[in-house]
Amino acid sequence: MATSPLASSPIGIPKSRVRQLFAASVGNVVEWYDWYAYSFLAVYFSQQIFPDSGNPLVPVLSAFAVFAVGFFMRPLGGLLVGAFADRFGRKAAMTFTIILMGVGSLILAVTPTYAQAGVLAPIILTLARLIQGLSVGGEFAAATTFLVESAPSGRRGLFSSFQYVSTTIGQLLASGLAALLATLLAEPAMDSYGWRIPFLFGALISLVGLWIRKGAEETSTVATDIQEGRAERPKLFEFLVRYPSKAALIVGITIAGTVAYYTWTTFLPTYAQQNVNFDKADSLTVGTISLVFFMVLQPLLGMLSDKIGRKPMLITFGLGFTILPVPLLGLLTDAFASLLVIQLIGMVFLGCFTSISAAVNSELFPTRVRAAGAGFPYSLTVAIFGGTAPLIGTAMKDADASYLFPWYMSALALISTLVYVFALKETKDQPLS
């Protein structure tokens, strides 16, 4: 007979934590490479996929609108794939998400141009982005809980940091390949066919990630208990019914982090191109250098959080992004060093959030509903605030009000900072329940 909904087993202890770390990270690299290739290449393919309106900003605005639409599939992915991970295990969920991402990337690679297919071209582009959004939302729910559950006592911050180490490697591959192609190919060639190459490459390496993830070891014995009838399946919204305050807390924690993250790591090169006529190829190079720096910071800051706690790290991040966006972006010029210094300064404060995001979210929920509980409110917040950041920034530029964008970032950072100070309890020393 099945036990009560509250029944659970101890978290499984993996035989090789290094293998667990590698399996989650390598698959995550593939996931996020495919996801970010879109944003880095939008300035090239937008003119091909969307109709010419006479205003060069309109196709880019349309491309970022599709970027935002993809984000709105992430909460659905976080909910459905998170529930799947809680019922059937983290490993099965991570296998599913990487297959989805590969399919989405392949569709992007073969999307016809507007000249070839008319309105069908942006429709196909949007469909591919919806598939990728579902995959990425599910990936966060499954992979972050998998990483944190694989960590030894006192090292959850360190293991958590590899979520963004692997995410950043994926970004680096995407931005690095985009920068290489932009250097080797003339701009007409990039606009014509060069932008398709990274998407095709992403579809191919998805197969590699799928193969590597087959060696992962399941971390949730609760899922095993459910499958063998020793525990009842969690209901789809059980995490919300039983832990509404924790779900709301994740929203408050994430608002500032997601806007800062997608602005500083993804949109800032495009922002520089739009506002100070920064060179396209140089902006990609600056972005690549900054991402390497950001990646190196993650495990260092994750280990620091295991020493001093999650709360001081988040407060540092929140105060930094409440104060700095307006003066930093106000100093932006078309000089290479200007964008590089601004991006590096922001990365230091941003790392105080990203390095521990997975740990903080996972530490709030019990194993039984951890993936859905951490995945859905996080992905919903990312969709509303993170996915729309490039669109809002571009729209403000189109309305000759780009000076408002850094104020928008600071206002959201202030909201999260108040949450960190007054609503968040320290979780680093609490055992995973």
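## Close-up views of an all-in-one-chain predicted model

**Figure 1. The whole chain.** The secondary structure of this chain comes to 20 helices and zero strands; helices (H or I, at least four residues) and strands (E, at least two) are DSSP runs, numbered from the N terminus. The radius of gyration, taken over C-alpha atoms, is 21 Å, close to the 22 Å that the globule rule gives for 433 residues, so the chain is as compact as a globular protein of that length. That rule is 2.2 Å times the number of residues to the power 0.38. This is a predicted model, in which local features need pLDDT of at least 70 and side-chain atom pairs count only at pLDDT 80 or more, while totals for chains, interfaces and linings use all residues. Residues are numbered from 1 along each chain as its sequence is written, and side-chain values use heavy atoms, with hydrogens and water left out. Buried residues make up 60% of the 433 residues; buried means under 20% relative accessible area, exposed over 50%, and partly exposed in between (1.4 Å probe, protein chains only).

**Figure 2. A salt bridge between Glu 238 and Arg 368.** A salt bridge is a side-chain nitrogen of Lys or Arg within 4 Å of a carboxyl oxygen of Asp or Glu. Here the closest N and O atoms of Glu 238 and Arg 368 are 2.9 Å apart. Glu 238 lies in helix H11 (residues 238-242) and Arg 368 in the loop between helix H17 (357-363) and helix H18 (370-386), so the pair ties together parts that are 130 residues apart in sequence. Both Glu 238 and Arg 368 are buried.

Figure 3. Look for Arg 310 and Asp 306, whose closest N and O atoms are 3.0 Å apart; Arg 310 and Asp 306 are both buried. Lys 428 and Asp 429 also form a salt bridge, with their closest N and O atoms 3.0 Å apart. Lys 428 is buried, at a relative accessible area of 18%, whereas Asp 429 is exposed, at 63%. Elsewhere, salt bridges link Asp 86, Arg 90, Glu 149 and Arg 370 in a network.

Figure 4. The whole structure holds 25 aromatic pairs. Rings of Phe, Tyr and Trp (its six-membered ring) pair if their centres lie within 6.5 Å; planes under 30 degrees apart count as stacked, over 60 as edge-to-face and the rest as tilted. Phe 317 and Tyr 420 make a tilted pair, 6.4 Å centre to centre with 50° between the planes. This pair links distant parts of the chain, with Phe 317 in helix H14 (residues 310-323) and Tyr 420 in helix H20 (residues 404-422), 103 residues apart. Phe 317 is buried at 0% relative accessible area, and Tyr 420 is buried at 0% too. One aromatic cluster is formed by Trp 32, Tyr 36, Tyr 164, Tyr 261, Tyr 262 and Phe 294.

**Figure 5. Arg 129 over two rings.** A charge sits over a ring if NZ of Lys or CZ of Arg is within 6 Å of the ring centre and within 35 degrees of the ring normal. Arg 129 lies over the face of Trp 35, at 3.8 Å from the ring centre. Arg 129 also lies over the face of Tyr 38, at 4.3 Å from the ring centre.
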